[in-house]
Amino acid sequence: AMLKQNELYIFRIGIKSNPMVTPTFNRWIVQLAGEASEPIEGMTLWAFTQTSVEPITTARDRTLAGEVRTQNPLKFRLRPFNTIAQNGEIHAVAPEGFQWVHEPSKACTTEIEELPYT
């Protein structure tokens, strides 16, 4: 197909994978026949921004063999880029070696608090 001068075109190209975070320099360039566009502003990844994970306490207790291990709650802070429906789900994956405190159904007990927009 031929692209005509001064006509507007839309390209839809599949992306195999996204980076883990939105790049600091998030610009795209289109090149054709040795010429290039000005950098085009990229999109914010549709995930979360302003993310952090903080322990509520770093206290440690010696756990004897066969006893219940010390539980250290975590505070996840995040700003979703898109609205999450009331019955939506968030799945968190911990690094190897961590174990979640959970119900027999594998559901975790959580508390959620909406913070002021900053």
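Hi everyone, let me start with charge: the 11 positive and 13 negative charges of the protein chain have mean positions 4 Å apart. Here Lys and Arg count as positive and Asp and Glu as negative, with His and the chain ends not counted; each charge is placed at NZ of Lys, CZ of Arg, CG of Asp or CD of Glu.

A quick word on the source. This is a predicted model, where local features need pLDDT of at least 70 and side-chain atom pairs count only at pLDDT 80 or more, while totals for chains, interfaces and linings use all residues. Residues are numbered from 1 along each chain as its sequence is written, and side-chain values use heavy atoms, leaving out hydrogens and water.

Now the overall form. The protein chain has 0 helices and 6 strands (DSSP runs numbered from the N terminus: H or I of at least four residues for helices, E of at least two for strands). Its C-alpha atoms fill a box of roughly 75 × 30 × 30 Å along the principal axes.

How much of the chain is buried? Of the 118 residues, 3% are, where buried means under 20% relative accessible area, exposed over 50%, and partly exposed in between, with a 1.4 Å probe and protein chains only.

The ring centres of F76 and W100 are 6.4 Å apart and their planes are at 35°, so the pair is tilted (Phe, Tyr and Trp rings, the six-membered one for Trp, pair with centres within 6.5 Å; planes under 30 degrees apart are stacked, over 60 edge-to-face, the rest tilted). F76 sits in strand β6 (residues 74-80) and W100 in the segment after β6, so the pair ties together parts 24 residues apart in sequence. F76 is partly exposed at 43% relative accessible area, and W100 is partly exposed at 36%.
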